[in-house]
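Biologist: Please show me the model, and then let me test the words you use for it.

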Amino acid sequence: MIVINLDVMMAKRKIGLAELALRMDLTQANLSILKNGKGRAIRFSTLNRLCKVLNCQPGDILEYVEGDENDGDE
Amino acid sequence: MKEPIVSNVLRVTLYIVFVAGIIGTITLPFMLETYTAVLYDTYYLLPGYRQFILTFLMVVAVLGLWVVWELICIMRTVSLDPFVSKNVGSLRRIGFLVILISVLFFLKCLYYVTFLTMACGFLFIVCGLFAFTLCSLFRQAVAFKEENDLTI
């Protein structure tokens, strides 16, 4: 399954949830869904903005781990 | 989101039907006497028919009121978010209630058969199947909506 390491990148860049949401033009609620791993999918446009604001690569935020294959697979 | 006029008219109609249904159910014994006095019904001469038809109509009326109440609950969500699990449950209950009404109509045919009773029985079966079809549709719509809501 795909794991989002957003909290790790946020800690590295020393940016809080509110500030990141403001800079990405997203609501805190939606960003929280991403951060807590509750999201089902992420748009390329969102990933694009995330990488731009956090100055990182998609691989820094997204990670594949062996786990429950049913998560996200419908 | 502003509701279309049709939804508002439908909601008001449902409330009117519900209130009229409650009044009709409460005054059913009186209405039945008036009906048989005005329109000659040969079945009414049979012993026990009066009690049987009154009980039958009372039960069907209560089940029908329950269906209308479930529809009112669904209509309340239309302006906010209709694709919720609660509405899937409501539609499933409507399906079971309508099928139950159909069964009651066929049971009535075992004792006092009329063409209209049989026709109503078959009609309610179709209505029940329609409700179950809508239930499946809504269940899928809820899944799609959840997928969309959790796509950031």
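Modeller: Here come the terms, each set against its cut-off.

Modeller: This is a predicted model, where local features need pLDDT of at least 70, side-chain atom pairs count only at pLDDT 80 or more, and totals for chains, interfaces and linings use all residues. Residues are numbered from 1 along each chain as its sequence is written, chains are lettered from A and ligands numbered from 1 in the order in which they are written, and side-chain values use heavy atoms, with hydrogens and water left out.

Biologist: What makes Glu146(B) and Arg40(A) a salt bridge?

Modeller: A salt bridge needs a side-chain nitrogen of Lys or Arg within 4 Å of a carboxyl oxygen of Asp or Glu. In Glu146(B) and Arg40(A), the closest N and O atoms are 2.7 Å apart. That value meets the rule, so the pair is called a salt bridge.

Biologist: Why is Glu146(B) called partly exposed?

Modeller: Buried means under 20% relative accessible area, exposed means over 50%, and partly exposed is in between (1.4 Å probe, protein chains only). Glu146(B) has 40%, so it is partly exposed. Arg40(A), at 31%, also counts as partly exposed.

Biologist: How many salt bridges are there between chain B and chain A?

Modeller: The count between these chains is two. Over all chains, the rule gives seven. Shared partners join Arg40(A), Glu146(B) and Glu147(B) into one network.

Biologist: What makes up the contact between chain B and chain A?

Modeller: Contact means heavy atoms within 4.5 Å. Six residues come from chain B and twelve from chain A. The side of chain B that touches chain A has two nonpolar, two polar and two charged residues. Nonpolar covers Ala, Val, Leu, Ile, Met, Phe, Trp, Tyr, Cys and Pro; charged covers Asp, Glu, Lys and Arg; the others, Gly among them, are polar.

Biologist: How much area do chain B and chain A bury between them?

Modeller: About 850 Å², with 52% of it on carbon and sulfur atoms. Buried area is the accessible area (1.4 Å probe) that two parts lose on being put together, summed over both. Glu147(B), Leu150(B) and Ile152(B) supply 75% of what chain B buries against chain A, more than any other three residues.

Biologist: Why does the search find zero disulfides?

Modeller: A disulfide is a pair of cysteine sulfur atoms within 2.5 Å. The sulfur of Cys51(A) has its closest cysteine sulfur in Cys56(A), 4.5 Å away, so it is too far for a bond. For Cys120(B), the closest is in Cys109(B), at 9.3 Å, again too far for a bond. Over all chains, the search finds zero.

Biologist: Is Cys51(A) buried or exposed?

Modeller: Cys51(A) counts as buried, at 11% relative accessibility. Cys120(B) is partly exposed, at 22%.

Biologist: Why is Thr25(B) called buried?

Modeller: Its relative accessibility is 12%, which falls under the buried cut-off. Thr25(B) lies in helix α1 (residues 5–26) of chain B. Not counting residues up to four places away in sequence, Thr25(B) touches Met58(B), Ala61(B) and Leu65(B).

Terms used:
Helices (H or I, at least four residues) and strands (E, at least two) are DSSP runs, numbered from the N terminus.
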